[in-house]
Amino acid sequence: MSSFQFCVIFVCLLCLSSSLFTFTSAADPSYLYHFCSEKSFIRNSTYQSNLDLLLFPLSPYANSSYGFDRTTKGKDPNMVYGLFQCRGDVTTTTCQDCLAFASIDVTKLCPAQNEALVWYDECYLRFSNVSIFHASTRSPDTVLYNINKVTEPSRFQELVLSLLKLRPRMLPRSLQP
């Protein structure tokens, strides 16, 4: 075998191995929190079939939805309402991967609940047996804290003020410079 043939084969194998590596190295999204309702559905019911129809083809919707979508499956009384949202700075692929993971994970975390939601750093997924599209609700909720310390407090405050377009006198005394 000539050195040229060896180099061509080596490059082809290298490309193949690196492409396989990219398919298998996708990291799971960063889990933050989940909620499961107390009410549950009967396994192998029409509701579960509708839920499966809603969840498992969900990630392709991220391709053309600008990182947010809502949909329903089925008819009352077994209708399932679902929505998802991805963080605005993640790629379409990251959004799709997060939703694919969330669709499976939420069924493990809340195996037979009528309503569930799961938060990851990259995306959010929710489903319910009642409409969640136009109702303003404060429940379920959680507070997620960032435990990292601000290394440049003055610069941080300057950036926050510019984002909020506030003047320092409008801030509470505890945040004024």
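Me: What makes strand 1 and strand 4 a pair, and in which sense do they run?

Reply: In this predicted model, strand 1 and strand 4 (residues 116–120) are joined by five bridges in the antiparallel sense. Within strand 4, Leu-117 stands opposite Phe-35.

Me: Why are strand 1 and strand 2 said to stand at the edges?

Reply: The open sheet has five strands in the order 1-4-5-3-2, with antiparallel pairing. Strand 1 (31–36) and strand 2 (68–73) each have a single partner strand, so one side of each lacks a neighbour in the sheet. From one strand to the next, the twist averages 5 degrees.

Me: How do you know that Asp-121 and Arg-87 form a salt bridge?

Reply: The closest N and O atoms of Asp-121 and Arg-87 are 3.0 Å apart. The cut-off for a salt bridge is within 4 Å, and 3.0 Å meets it, so the name applies. This pair links distant parts of the chain, 34 residues apart: Asp-121 is in the loop between strand 4 and strand 5 (123–128), and Arg-87 is in the loop between strand 3 (80–86) and helix 3 (92–109). Arg-87 and Asp-121 also belong to a network of salt bridges with Asp-89.

Me: Why is Asp-121 called partly exposed?

Reply: The relative accessible area of Asp-121 is 37%. Buried would require under 20% and exposed over 50%; 37% lies in between, so Asp-121 is partly exposed.

Me: What makes the contact of Arg-126 with Glu-115 a salt bridge, and which parts does the pair tie together?

Reply: The N to O distance between these side chains is 2.5 Å, which is within the 4 Å cut-off, so the contact qualifies. Arg-126 lies in strand 5 and Glu-115 in the loop between helix 3 and strand 4, so the pair ties together parts eleven residues apart in sequence. Both Arg-126 and Glu-115 are buried, which means that each has under 20% relative accessible area.

Me: How do you know that Glu-158 and Arg-155 are separated by about one helical turn?

Reply: Glu-158 and Arg-155 are three residues apart in helix 4 (residues 153–164), and this spacing is about one helical turn. Their side chains meet in a salt bridge of 3.1 Å, N to O. Glu-158 is partly exposed at 48% relative accessible area, and Arg-155 is partly exposed at 41%.

Technical notes: Residues are numbered from 1 along each chain as its sequence is written. This is a predicted model: local features need pLDDT of at least 70, side-chain atom pairs count only at pLDDT 80 or more; totals for chains, interfaces and linings use all residues. Side-chain values use heavy atoms; hydrogens and water are left out. Two strands pair if DSSP finds at least two bridges between them. Helices (H or I, at least four residues) and strands (E, at least two) are DSSP runs, numbered from the N terminus. Axes are lines fitted to C-alpha atoms, for helices over the stretch in contact, and angles run from 0 to 180 degrees between N-to-C directions. Buried means under 20% relative accessible area, exposed over 50%, partly exposed in between (1.4 Å probe, protein chains only).
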